[in-house]
Structure formats: structure tokens, C-alpha cells
Amino acid sequence: MPKESNYSQFRAMLAITKGSLRAIFRSPSAVLFSIAFPLIFILVFGFIGGSGKISVSVAFTAQSDTSNPIYAAIRQTPGIRIVDKTPQLLREDLEKGRITAVITIRSSGLTNPPYFIDLQSSDAVNPQNLQVLTSILNAIISGINQQTYPGTPTIAMVNNQVQKIPGRVYRTIDFILPGQLGFSLLSSGVFGVAFLFFNLRQQLVLKRFYATPIRKSYIILGEATSRVLFQMMTAVIIIGVGHYAFDFTLVHGWLTFLQIMLLSFLALILFMGFGFIVSGLAKTESTIPPFANLITLPQFLLAGTFFPVETFPSWLQPICRVLPLTHFNNAMRNIAFEGANLSACWQELSILGIWALVVYGIAFKTFKWD
């Protein structure tokens, strides 16, 4: 055996990475959870087609008449979220499809109807959401007519000629794919790392490593590098299928793709920290899934993976916005569809960084070598 002074820690780490990567590709469960499940969701939602978000967000222009019962009824309608911003920011939101329409309620100067409602929208808005908003407005008008103005044909009319500004077409895949990529990264990071290091301990592989000159840190780096390489490959596959098969939006092409990959790498490092915690807490292999599900399931359901956070009850939304996967999904959508730079997502990155410090602080205390 060569002396430790001639022993290459880096080459030993690469050997561990190579062997671990082979083991990952030979594991059906790893391929299933990391690639197959997200692709199934992408295919389903991609073939459904259409476009758009589920929530209906609107804003009022400064010229809107706010003294009428229609304005008050719209603000009190649970299915509508009111956005208060400057005209310039509202136009940017319209162009990016963040809000469904900007509403203007104006007096007609007539007795029938007393008010007109004008809508301004964009091509980036889901047409179905615009139809839903129009239906809600008509229902509000009808309710006011029946309760307050029974003798009046109608208190207001919605202008069918919607003013539209140019905007990027927003498809269902633009919302679904970031959530599925986050799903893949989180499940791989937690379940993959937890099972990997638990089995290495149980099968005494780590003890065999102790008989070699390689340091513990390089063992961790080697195994972690194999997991990162595998998951980055799956990210490329998921994004590639979404973009070329279903027109997933990459605003700046390769530059956007590279920023997404960097964001995915940072998020995966964080999620792997959860896996280290689970592997340290688990006493037997059968206890890994319950521990892992406590971390992953709430995020799958509440982090905007399948539905926007705004669709949840108001009391639940603060909890949703604490979860790390929520901030990965938000940053991913901002970069891919809105063309934001990674630096513009500093709030999301800061929260992910705080999570990483907390998670790895706990992992350092709980991780076991034998």
C-alpha cells in the first residue's frame, strides 16, 4: 500500500464518485423518482395544453370610480385577489401574466346602465382566466341588481372589447415544469442521500473506507458529487423535454438554461442536507420513509408545486412561503418565464441560504459514521 504522502485524496474521491454514480444508474428507484415521475406529470400537463395560472389577480386603475357598490363587491369576492401597485409596475405584471386584468369602473353618465367596466389584459394571461373573471364580474353585477336595484335592468355592463397589450404567452408547462423539477431535486436529495449513507453504514462500507488513507470529508464529497452529477443530468432531461416538446419558456435561451442549472445545483445542495439529517436520525431502514416524508410531503403539497400559493387559504399562505421549495419554484419561474437574472432573485436565494445554514448545522450534529 502506498504511503499517505503519495496518496491522492482527489483521485480516491473520483473513484468513489464513479462507483457511486454507477450504483445510482443501476437503481430503478433512483431513476423512477428522479426522472420518470416528473416526466409523467410534465407529459400529462403538456398534452392537456392550454395555458395559464389558476388564481385570478386584478388591479384597479387610478381613474376607477370607487364610490359604487360594484367596487366594494369586487374587493370582497374571495375568488379575486386585488393587487395595489403603480401603473408602471401593473403594466409589467400584465406583460408577464402575473395579473389577469386591470379594471376600470367608470360612470356612463346614463341611467341605464349607470356604470361601465373596462378590462385591460395581455397575451401573457390565460384566456380561460379572463373568461372566469368576466363571469365573476357579471355574477357580481347580477347579485347587486337583484338585491339593491330590482327595478333597474342592470347597474353596470362589462365591456366585451378587452384592451390587450403585448405579452409573452404563458402556458401550463411554464408553471408545472419548475414545480416538477423541484419535486425531483427534493425527492432525490432527501430520499437518495438518506438511503445511500444509511446503507453505507449498515453494510460496513464506511468502515472499509477507514482502512484506506482517504479522509472522511473526501468520502462525503465523492458520494455527494455522484448524486449531484446524476441529478443535474435529470434536470437537463426534464428541461429539455419541456422546452422542445411543449415549448417551456426559456426567455434568453442558453443563458436562462445555465442560470436554471446553477439555481438547481444550489437547491440540491440544500435538499441533500435534509437527507443527511434523515440518515442520521433513522435507526432502521424502515424508519427512513416516515422521516423523509415529513420533510418532502408538506413541500410537495404547499410549495406551489401543483397550484399557486395564492390559491390556499390566507392563514396557510405564510406557512407556504416559509418552505424552501416555494422559493426555489418562485425563483425558477422568474428566471425561466420573466427573464430575471439569478441576482434579481436575491430574496429567494437569501432564504435558501438561511435554510442551508440551519439544515447543515443540524446535519453536523446528527450525522453518524457508524
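Trainee: How do β4 and strand β6 pair, parallel or antiparallel?
Mentor: Parallel, over three bridges, in this predicted model. Strand β6 covers residues 163–165.

Trainee: Which residue in β6 is the bridge partner of S121?
Mentor: K164.

Trainee: And β5, how many bridges does β4 share with that one?
Mentor: Three bridges, in the parallel sense. Strand β5 spans residues 156–158. There, V158 is the bridge partner of I117.

Trainee: What about β3, parallel or antiparallel to β4?
Mentor: Antiparallel. Six bridges join β4 to β3, residues 101–107. I117 turns up here too, as the bridge partner of I105.

Trainee: How many residues of β4 are buried?
Mentor: Six of the eight, counting along residues 115–122. Strand β4 is therefore largely enclosed by the rest of the structure.

Trainee: New topic. Which helix holds P127?
Mentor: Helix α5, residues 127–147. P127 is partly exposed, at a relative accessible area of 45%.

Trainee: How far apart are P127 and T100 in space?
Mentor: 8.9 Å, C-alpha to C-alpha. In sequence they are 27 residues apart.

Trainee: On to α13. What is its reach from first C-alpha to last?
Mentor: 30 Å, for 21 residues, 346–366. That is close to the 30 Å expected at 1.5 Å a residue.

Trainee: Which residues of α13 are buried?
Mentor: E348, L352, V359, A363 and T366. Down the axis of α13, the buried residues fall within an arc of 60°, so they line one face of the helix.

Trainee: What do they pack against?
Mentor: The buried residues of α13 pack against α9 (254–281) and α12 (324–336).

Trainee: And the other side of α13, which residues are exposed there?
Mentor: W346, I354, L357, F364 and K365.

Trainee: Confidence next. What is the average pLDDT of the protein?
Mentor: 81. At least 70 is reached by 87% of the residues.

Trainee: Which elements have the lowest and highest mean pLDDT?
Mentor: Helix α2, residues 28–48, has the lowest, 58. The highest is α12, with 93.

Note on methods
Residues are numbered from 1 along each chain as its sequence is written. This is a predicted model: local features need pLDDT of at least 70, side-chain atom pairs count only at pLDDT 80 or more; totals for chains, interfaces and linings use all residues. Side-chain values use heavy atoms; hydrogens and water are left out. Helices (H or I, at least four residues) and strands (E, at least two) are DSSP runs, numbered from the N terminus. The expected span of a helix is 1.5 Å times one less than its number of residues. Buried means under 20% relative accessible area, exposed over 50%, partly exposed in between (1.4 Å probe, protein chains only). The arc is that of the directions from the helix axis to the C-beta atoms. Contact means heavy atoms within 4.5 Å. Two strands pair if DSSP finds at least two bridges between them. pLDDT is the predictor's confidence in each residue, from 0 to 100.
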